Structure formats: C-alpha cells, structure tokens
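Colleague: Hi! Could you walk me through this one? I'm still new to reading structures.

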Amino acid sequence: MARTLFEKVWDPHVVLEEDGLALLYVDLHLVHEVTSAQAFEGLRLAGRRVRRPELTVATMDHNVPTLPGPVTDPMAKAQLDALRANTEQFGIRLHGTGSGHEGIVHVIGPELGLTQPGKTIVCGDSHTSTHGALGALAFGIGTSEVEHVLATQTLYQQRPRTMLLEFAGERPPGLTAKDLILGAIGQVGVDAGVGYVVEYGGEAIRALSMEERMTVCNMTIEWGARAGMIAPDETTFAYLEGREHAPQGADWERAVERWRSLGSDAGATYDAHVVVDVADLVPQVTWGTNPGMVVPVTGSVPNPASYDDPNDRAAAERALAYMDLRPGQAIQEIRIDKVFIGSCTNSRIEDLRAAAAIVEGRTVDPKVTALVVPGSAQVRRQAEDEGLDRIFVDAGFEWRLAGCSMCLGMNPDTLEPGERCASTSNRNFEGRQGRGGRTHLVSPQMAAAAALHGRFVDVRALDHEPVTV
Amino acid sequence: MKPLRTVTGRVAVLDRPDVDTDQIIPKQFLKRIERTGYGKFLFQDWRFDEDGNEHPGFELNRPEFRNASILLAGRNFGCGSSREHAAWALQDYGFDAVVAPSFGDIFRTNAGKIGMLAITLPEDEVGRLMESIDLDTGSEMTVDLERRVIVAPDGREVPFAFDEATRERILNGLDDIALTLEHEDAIAAYEATHSIA
C-alpha cells in the first residue's frame with residue numbers, strides 16, 4: 001500500500017500501541033536551558049536516570065547575552081548553571097557558550113549532522129518543527145514530556161492526521177522561503193494545522209535549498225501543526241554529507257539508500273490536501289499580533305470591518321490598537337525603530353548572505369538600530385570568513401554573538417515599549433520581543449532593506465546590484 | 001499528580017481567539033527553575049499595567065470571574081510556544097479545567113500531563129455555554145471527567161470526548177513515567193533491534 005513520508009518515519013518507531021496511543025521511540029532529544037531544569041529535577045526526585053544520554057544533546061541559546069561578557073541577569077545565570085550541572089550529572093553532551101559549537105538548538109542540530117532523514121526528534125521548544133526539513137519527524141514538547149523522554153526515550157502519542165500542503169507553481173524571482181510560509185499562513189489561518197503533521201510538497205519546495213526548507217518547516221507551528229516534513233532528496237544529502245555526526249564511508253552510502261525510499265509513494269493519501277499558489281505571492285509583512293495577520297508589502301493594513309467573523313473582527317481591532325496602525329495605511333509608510341536579523345527561522349549562512357547582498361555599500365537609516373545575530377558560533381565564523389561581518393558593520397549593523405536574541409526577549413536584546421521592529425523571527429505576538437514592543441515579521445532581505453530605508457520597502461523594486469568598492 | 005474526578009466551581013469567560021502562551025505567561029517568568037508559583041504571573045501584561053495595577057477591562061479582573069476554577073475560552077487557545085509554564089500558571093491560579101473549541105496541540109498535551117482538563121467542544125456549544133453565564137453575578141458549572149459531561153449553569157448536560165489514557169491517568173492521579181517504565185522490556189527489545197546513528 002502506498003505510504004506517506006510521515007507513515008514511513010512513524011511506523012518503524014512504534015514500540016507498542018495501547019488504548020489508541022502509540023509509544024513512540026525518540027532518536028534524538030535536544031535540550032536547552034529554559035524548559036529542562038524542572039525535568040531534571042523531576043528525575044532526581046524520583047531517583048531516575050537518563051535512559052539514553054548519548055541520544056541527548058544540549059545547548060544554551062534562549063537567555064544567553066549576544067554581547068561578549070558574563071551573564072549579568074542572576075535568573076538567567078542560575079538557569080544556565082543548572083543546565084551545565086544537570087548535563088554533567090546525567091552524562092549529556094553540552095554545546096555550551098564558548099564551546100565553538102553553541103547556538104540556537106534548531107540551527108546546530110542540522111549543522112552538526114545530528115538531524116537526519118527518518119529520525120524522530122523532540123525538544124522542549126515548539127520550533128522543533130524546523131528539523132522536519134530534512135525528512136525527520138520532529139516536534140516540540142513540554143517539560144513533563146521532556147522528563148518522560150529523558151527517563152524512557154519514548155513518548156505516548158496519538159497518531160496525528162496527515163496533510164499535504166502543496167506549493168503550486170514556480171517561485172517568482174525575489175520571493176523568499178519566508179514569504180512562501182508567511183503567505184501560506186495568511187491564506188490557511190493560524191489554526192489550520194491543529195492535529196496534523198504536514199508534508200510540504202510541490203515544485204517550489206523541491207527547488208528550495210536545505211536552509212530555505214528549514215525556514216518553511218520552522219514556521220509550521222505558527223499555523224498549528226506540530227510537525228512539518230519535506231521528503232529528503234539530493235539537496236538533503238548534499239547538505240548532510242561530511243557533517244560531523246552524519247554517517248561516513250560505507251555507512252553513508254547505506255544511509256542515503258535508505259533515505260531515498262522515505263519520500264511519499266505515488267498514490268499515497270493524506271487526510272487533508274491544501275494548495276497554495278506560489279506564482280501570485282509577493283514579499284510579505286505582518287501587520288498584526290499573530291503570523292496569519294499578514295499582507296503583501298505592496299498592500300495596506302486591513303480594515304477590521306471587512307472581517308465576517310465577530311471574533312476575528314475584535315481580534316483585528318485589538319491588534320491594530322496594540323500595533324498603533326490605522327486601517328488602510330500603506331505598509332510602505334510604516335516606519336521602524338529596530339531591525340532584527342536572526343532567530344531559528346532566519347539566522348543561517350544563506351540568510352546572512354542574502355541580507356548582506358542588500359546591505360553592501362549602503363548605510364542603515366540613522367534612526368534605526370539594527371542587529372545581526374548569527375544562529376550559531378559556526379555560522380558566525382563562516383560569515384566572518386566570507387567577510388559578511390564587515391559588510392554589516394560598515395553599513396551600521398551590530399554584529400552579535402550566537403543566540404535566540406531578540407526573537408523572544410529572554411536576554412538583554414529586547415524592544416522598549418512602543419518600539420517597532422522589522423524582524424526575521426517567527427512570532428509577532430504581543431510583547432514577544434519586549435513588553436509593548438511591535439513586531440513585523442519579514443524575510444532577511446526585507447529586514448535588510450527596511451534597515452536602510454527606515455521603513456518597509458519592496459525589496460524587489462530596489463536596485464540591489466552589489467556595489468563595487 | 002493529584003487525582004481529579006470532578007470540577008465544580010465558578011466560571012470565567014475569555015472569549016478571544018488564538019490566545020497564545022506568550023500572553024498566558026510572558027517570557028520573563030520562564031527563567032525560574034521552579035515548577036510552582038506561576039499563578040500570580042498569569043496573563044501578566046493583560047492583567048496588570050506596568051506599575052502592577054490591575055487593568056479593569058481585562059476579563060479575569062471582573063469581580064464575578066474571581067476565584068474561577070473553569071475557563072471558557074476561544075478557539076486555538078494556548079497556541080504558540082511549548083512552554084508548560086502556561087499550563088502551570090493557569091493551574092496555579094486556580095483553573096482545573098479549560099473548555100474551548102480547539103487548543104494548541106502542545107498546550108493540550110501539557111495540560112493533560114499536569115492534570116488540568118483541556119476539553120474541546122464544538123464552537124457553537126462553547127458559545128452556548130458562554131451565553132449561559134450570568135455576567136452580573138457570575139455562574140457555577142461542573143466538569144465531570146468520570147461521566148465525561150459538563151453540567152451547565154442551567155442544569156443542561158453537555159457530553160464531551162476525552163482521550164481514554166489521559167482520562168484514566170488523571171482520574172487516578174498516576175505518574176505516567178512509572179506507567180511507561182512498566183513496558184521497559186518492550187523498550188529494551190526495541191532498542192536491541194534498532195541501532196541509531
């Protein structure tokens with residue numbers, strides 16, 4: 001019988017089934033400082049061990065400062081110290097600050113070759129969906145489940161329904177992976193994926209680079225699906241080959257052969273099938289307080305009166321009040337105070353290259369504070385080897401150390417009340433980047449262009465031939 | 001986990017769609033390494049202004065919703081971040097049950113793990129329950145997990161579905177890790193035949 005990618009990953013990981021639940025084996029458990037302390041404490045209180053420490057990998061990302069120097073926030077320090085002590089006590093690998101391999105958990109997993117097609121991967125973080133870009137089944141879990149996985153290497157899971165989200169047509173020039181996923185969320189709504197595992201398909205997906213696929217899968221949780229997956233192909237294998245934890249030699253050949261068979265069979269069926277037309281999409285900018293409140297950069301802020309559902313209308317009115325925007329206001333009139341290029345959505349080397357290409361030889365608007373925060377220490381080194389840091393710094397950007405930074409405001413990088421930010425992160429929720437802060441989600445290219453102009457501009461309309469110096 | 005069979009108590013209504021976990025418990029409280037004491041930070045930015053004064057317009061600050069143990073909420077409640085702190089904060093504040101047309105998947109799982117009932121009902125049914133609440137005096141309701149029914153303020157019974165394994169665990173206050181470890185042989189047998197790179 002024809003099977004989907006999801007079924008080919010799920011089925012062989014079922015240890016047993018009872019009461020309609022599957023006990024699913026976990027191949028890789030990623031851990032960070034914010035959602036693990038209580039889980040380790042639970043193990044200690046119950047006198048339990050970590051069942052497979054060698055399948056567990058930890059890093060520090062959420063509350064690390066991105067400027068050099070010690071952690072001055074005593075609560076953040078206590079949490080980071082707890083992670084160090086916990087990983088030592090339970091024998092877990094930690095890529096801690098200063099190790100050279102630290103970074104955002106969803107950046108370092110693929111980068112180190114830990115993330116592989118066909119694996120089941122969990123982490124106490126909703127953006128674990130990112131790893132599905134390589135054909136893994138990867139989803140976020142809460143702290144109780146973190147403790148359960150530490151103790152048993154398994155999770156009880158209800159078998160999710162399956163959905164194919166097909167991007168139909170060819171990607172127009174100048175349209176990024178971020179625009180694809182923001183555009184899709186705008187069309188389907190922020191709860192369309194609840195209860196589903198989504199497979200992204202279509203020609204536009206096949207043509208994406210590995211890192212672009214990560215951007216798409218990263219935002220799966222923003223429309224309610226816990227996991228998003230993309231069938232592994234030559235792009236996946238080329239990305240993984242030679243990475244530190246990827247199989248080597250004859251093992252590599254065998255692995256690739258196995259991974260090739262993971263793609264959904266012709267005729268495989270899904271519980272739902274959604275088509276998003278790519279040809280009509282243009283660069284996207286969010287205007288509201290969830291990622292589905294999004295419009296083309298050529299558009300304007302919608303009028304709440306245009307919504308049929310009274311709940312949606314009220315939500316739009318609240319969003320406009322919070323964002324201090326008027327119905328009908330052109331997106332390109334909106335001025336910004338800060339620019340954040342970073343986060344597990346858009347902080348990889350290709351993101352930084354794309355932003356640098358817009359910025360090169362130009363200057364950040366004098367009223368704008370602009371940050372570039374590489375997703376990992378390794379991305380930072382590579383960017384410096386390529387001279388991208390000079391391009392950013394010369395233009396007036398701050399070039400920071402790796403971490404989650406301004407995506408979620410758990411570290412010193414935050415918005416002040418009332419500040420407006422063009423951000424390459426994944427959530428524009430109220431207060432996400434700092435109480436009273438106003439977030440507009442965009443691609444790295446659009447964020448870079450906004451930094452130069454002090455407002456949103458259509459990056460496709462800019463003359464961004466590299467300036468020769 | 002304490003066993004929970006029935007919740008009877010005052011009802012609060014938060015009729016907004018897509019309430020995300022960043023609102024339920026803002027990020028600054030995620031730096032704590034304890035599992036308890038989050039209730040006073042619940043909906044911090046919606047409940048309080050920057051000086052710590054209550055926003056009179058926020059639903060949970062209404063006098064008739066005080067000391068509520070059941071929350072009626074809008075669709076996609078608890079979307080966003082995986083932070084279990086959101087479920088901890090609601091429970092610590094006093095909620096033993098949340099009833100909504102749909103939930104963020106991770107939030108719903110987290111609630112089940114700590115013995116807080118996340119109950120899904122059709123949107124029009126949640127709407128009828130909301131309408132049955134007396135907004136002047138407040139109302140009481142019962143959520144009966146044993147019989148899987150909600151008893152509305154007017155006495156009407158509304159059945160709900162609830163996953164059986166989670167129901168058993170909550171009714172009996174069982175530790176799910178201990179339950180899983182009863183299958184340790186099956187896990188070990190799986191490991192013996194599946195090597196992981």
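Modeller: Happy to; we'll go from chain A as a whole to its parts, and then over to chain B. Keep in mind that this is a predicted model.

Colleague: Great. How many helices and strands are in the secondary structure of chain A?

Modeller: Chain A has 15 helices and 19 strands. Along the principal axes, its C-alpha atoms fill a box of roughly 55 × 55 × 45 Å.

Colleague: What radius of gyration would a compact globule with 469 residues have, and what does chain A have?

Modeller: A compact globule of 469 residues would come out near 23 Å, and chain A has 21 Å, so the two agree. Buried residues make up 59% of chain A. Also, if you take the contacts in chain A with a separation of 6 or more, 78% of them are between residues 24 or more positions apart.

Colleague: Nice. Which strands of chain A form the open sheet with parallel pairing?

Modeller: There are four strands in that sheet, and their order is S11-S10-S9-S12. The twist from one strand to the next averages 25 degrees.

Colleague: Why is one side of S11 and of S12 left without a neighbour in the sheet?

Modeller: Because S11 and S12 of chain A stand at the edges, where each has a single partner strand.

Colleague: And how many bridges join S9 to S10 in chain A?

Modeller: Six bridges join S9(A), residues 161–168, to S10(A), and the two run parallel. To find the pairing on screen, look for Arg161(A), which stands opposite Tyr196(A) in S10(A).

Colleague: Found it. What lies across S9 and S12 of chain A?

Modeller: That's helix H6(A), which runs at about 120 degrees to S12(A).

Colleague: Now another helix. How many residues of H8 in chain A are buried?

Modeller: Nine of its nine residues, 210–218, are buried. Among them are Met210(A), Arg213(A) and Cys217(A).

Colleague: What covers the buried residues of H8(A)?

Modeller: The cover includes helices H4, H6, H9 and H12 of chain A, along with strands S10 and S11.

Colleague: Which way do S2 and S8 of chain A run, parallel or antiparallel?

Modeller: Antiparallel, with five bridges joining S2(A), residues 21–25, to S8(A). One pair to look at is Ala22(A), whose bridge partner in S8(A) is Gln157(A). S8(A) is mostly covered, with four of its five residues buried.

Colleague: Let's switch to chain B. What do S3, H4 and S4 make there?

Modeller: Together, S3(B), H4(B) and S4(B) make a right-handed β-α-β unit. The two strands pair in the parallel sense over four bridges, and Val98(B) stands opposite Ala118(B) in S4(B).

Colleague: Last topic: how many residues does the contact take from chain A and from chain B?

Modeller: It takes 57 residues from chain A and 45 residues from chain B. Several helices of chain B supply at least two residues each to its side, including H1, H6 and H8. H4(B) gives the most, with six residues.

Colleague: How do the residues on the chain B side divide into nonpolar, polar and charged?

Modeller: That side has 15 nonpolar, 13 polar and 17 charged residues.

Definitions and conventions. Residues numbered from 1 in each chain as written. Chains lettered and ligands numbered in written order. Predicted model: local features only at pLDDT ≥ 70, side-chain atom pairs only at ≥ 80, totals over all residues. Contact = placed C-beta atoms within 7 Å. Nonpolar A, V, L, I, M, F, W, Y, C, P; charged D, E, K, R; others polar. Buried ≥ 20, exposed ≤ 12 C-beta atoms within 10 Å, placed from the backbone. Pairing = 2+ DSSP bridges. Right-handed = clockwise from strand over helix to strand, strands pointing away. Axes fitted to C-alpha atoms, helices over the stretch in contact; angles between N-to-C directions. Rg over C-alpha atoms; globule rule 2.2 N^0.38 Å.
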